[in-house]
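Q: Hi! Could you walk me through the side-chain contacts in this one?

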Amino acid sequence: MPLVIAQDDAPVLTPIDPAPLPTPVPAGPNRGPADVEVVGQVVQWWQGSSPLQLVGYGLIVLVALVLTAIALTTLWWMLHAWRSTSALTATGFRTANANERTPTLSFTLLVPARHEEEVLAHTLERLVEQDHPDVEIIAIVGHDDPGTEAVARSVADRFPDRVRVVVDDSVPKNKPKALNLALQTSRGEIVGVFDAEDEVHPQLLRLVDERFATTGADVVQGGVQLMNIETSWWSLRNVLEYYFWFRSRLHFHAEQRFIPLGGNTVFLRTDQVRDAGGWDAECLAEDCEIGVRLSSQGARVVVAYDPEVVTREETPGSLPSLYKQRTRWSQGFLQVLRKGEWKKLPGRSQRLMARYMLSMPFLQAGTGLLIPISLALVLFAKVPTPIALISFLPLVPTVIVLCVEVAGLGEFGRVYDRKVRIRDYVRLVLGTFPYQVFLALAAVRAVVRETRGERGWEKTEHAGAHIDRSAGVPSLSAPSPAASSTDASPTATSDTTAPVTAGAARS
């Protein structure tokens with residue numbers, strides 16, 4: 001006797017078999033019996049649904065399509081550098097050329113610091129050790145931050161030929177105001193920006209000098225890499241975000257001549273920054289804003305990521321700190337969107353890309369609000385089979401992205417000599433959905449703050465979790481590991497990128 005399941009016990013996503021159609025749909029000349037049945041079923045559940053149900057179905061479809069589109073574009077951009085071995089090699093610095101030529105440019109390195117007593121001295125010391133003949137370093141500290149000022153002046157007293165201190169007495173304080181103040185007295189032809197907790201390779205400026213000289217670039221964006229994958233489940237995902245962003249996505253945006261610059265390890269021609277009016281003192285994402293503004297003015301931006309010379313940083317130490325950081329970034333994107341400089345981009349594709357990227361907080365916020373509604377409808381409402389299938393559509397690119405991230409985590413461990421454990425892969429997989437919800441909530445908060453006109457700067461705290469203090473500061477006379485290689489990319493001597501490259505080829 002066949003098993004019969006009562007209607008009340010039926011699986012949630014299993015639709016109710018439609019009753020016979022009251023009016024058969026006539027078969028046209030190109031319509032077979034199967035087509036007639038499918039059309040009839042669609043008409044049946046459409047006619048039998050209330051307006052509220054139709055709105056619910058529409059929400060499910062909308063969220064599914066938006067999430068699918070975001071996942072597909074994310075996948076395409078994050079794999080940009082892994083199209084081929086030559087494409088990946090092209091993302092790095094030309095180390096051999098930099099070692100053979102004499103540097104020709106002068107640099108001013110700006111280091112805004114606020115309540116950074118724990119990490120500032122180490123960062124300034126690493127910058128002092130730069131293997132470049134013409135460098136000045138400006139530490140910008142607040143007039144109401146005596147602890148950080150004391151640390152900065154201590155380093156300046158030990159290295160008076162390279163380090164000086166500028167005191168910012170503006171109220172309220174923020175990073176772009178500090179940068180603009182130091183820009184007024186910057187002597188270098190190139191101005192570079194670093195954060196107070198940065199671990200900087202001693203040969204970085206030689207490589208940047210060479211890249212300016214050989215490409216004619218107006219801006220060179222170096223690589224930045226978070227390092228502490230072991231700290232927490234969110235730090236693991238944050239590290240991989242940076243890995244794919246600086247390793248691949250920024251190279252794609254540079255090729256498209258539209259790029260939201262990173263907040264540090266970015267180098268710009270000083271005169272060009274001054275002519276552009278400096279950094280926007282009211283923008284919470286001043287790095288993105290000046291990148292968009294310079295792109296709109298036709299500036300040539302070159303991106304270079306070399307695992308041996310990336311600037312190393314740490315993830316925020318707590319979820320609330322990361323939440324505030326992501327809120328600030330998202331709100332800054334909304335400010336840049338509203339400002340409208342991107343509308344001056346010459347190409348239509350550039351403007352479309354700019355609108356899409358700068359609108360991402362709206363998309364994340366909208367989907368963040370709709371996701372629980374859609375889940376509730378899928379879990380507790382009996383939805384038609386087509387709607388149920390569409391609701392699972394985002395899983396396809398999401399699973400592919402997750403596979404790429406798993407491969408990327410393995411590659412990160414090999415490239416940076418970090419032990420990646422089984423539990424790290426488990427945390428990566430299990431943290432996928434919570435992290436996306438977390439980012440969506442931060443985007444919601446950003447939209448709310450921007451709507452209310454709340455634009456106060458929320459600072460990210462740093463503790464130096466990425467710094468190996470036992471290693472000390474390398475001597476200027478000591479050869480860099482990068483100097484012994486003829487190519488900065490790890491693919492020149494190893495197959496460390498093979499997993500992701502293969503994934504790119506299959507996709």
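Q: How many aromatic pairs does the count come to?
A: The count for this predicted model comes to 15 aromatic pairs. One of them is Trp233 with Tyr435: the ring centres are 6.4 Å apart and the planes sit at 85°, so the pair is edge-to-face.

Q: Where do Trp233 and Tyr435 lie?
A: Trp233 is in helix α9 (residues 233–255) and Tyr435 is in helix α18 (residues 432–452), so this pair ties together parts that are 202 residues apart in sequence.

Q: And is Tyr435 buried or exposed?
A: Tyr435 counts as buried, at 1% relative accessibility. Trp233 is partly exposed, with a relative accessible area of 27%.

Q: OK, what about the rings of Tyr242 and Phe246?
A: Their centres are 5.7 Å apart with the planes at 35°, so that pair is tilted. Tyr242 and Phe246 are four residues apart in helix α9, which means about one helical turn separates them. Both Tyr242 and Phe246 are buried.

Q: Which residues do ring pairs link into a cluster?
A: That cluster consists of Trp82, Tyr243, Phe244, Tyr305, Phe412 and Tyr416.

Q: Switching to charges: how many salt bridges are there?
A: The count is 23 salt bridges. Among them is Glu125 with Arg158, where the closest N and O atoms are 2.9 Å apart. Glu125 belongs to helix α5 and Arg158 to helix α6 (residues 146–158), so the bridge ties together parts 33 residues apart in sequence. Arg158 counts as partly exposed, at 45% relative accessibility.

Q: Nice. What does Asp131 form a salt bridge with?
A: Its partner is Arg206, with the closest N and O atoms 3.4 Å apart. Asp131 sits in the loop between α5 and β2, while Arg206 is in helix α8 (residues 204–215), so parts 75 residues apart in sequence are tied together. Asp131 is partly exposed, with a relative accessible area of 23%.

Q: How about Asp195 and Lys175, buried or exposed?
A: Both are buried. Asp195 and Lys175 form a salt bridge whose closest N and O atoms are 3.1 Å apart.

Q: Which residues do salt bridges that share partners join into one network?
A: The network is made of Asp280, Glu289, Arg293 and Lys339.

Q: Last one: which residues gather in the patch of negative charge on the surface?
A: Asp134, Glu189, Asp271 and Asp275 do. Asp134 lies in the loop between α5 (120–128) and β2 (135–142), and is partly exposed, with a relative accessible area of 41%.

Methods:
Residues are numbered from 1 along each chain as its sequence is written. This is a predicted model: local features need pLDDT of at least 70, side-chain atom pairs count only at pLDDT 80 or more; totals for chains, interfaces and linings use all residues. Side-chain values use heavy atoms; hydrogens and water are left out. Patches are made of residues with over 30% relative accessible area and no salt bridge: like charges are joined within 9 Å, nonpolar side chains (Val, Leu, Ile, Met, Phe, Trp, Tyr) within 5 Å. Accessible areas come from the Shrake-Rupley method with a 1.4 Å probe; for residues, only the protein chains shown count as cover. A salt bridge is a side-chain nitrogen of Lys or Arg within 4 Å of a carboxyl oxygen of Asp or Glu. Lys and Arg count as positive and Asp and Glu as negative; His and the chain ends are not counted. The place of a charge is taken as NZ of Lys, CZ of Arg, CG of Asp or CD of Glu. Helices (H or I, at least four residues) and strands (E, at least two) are DSSP runs, numbered from the N terminus. Buried means under 20% relative accessible area, exposed over 50%, partly exposed in between (1.4 Å probe, protein chains only). Rings of Phe, Tyr and Trp (its six-membered ring) pair if their centres lie within 6.5 Å; planes under 30 degrees apart count as stacked, over 60 as edge-to-face and the rest as tilted.
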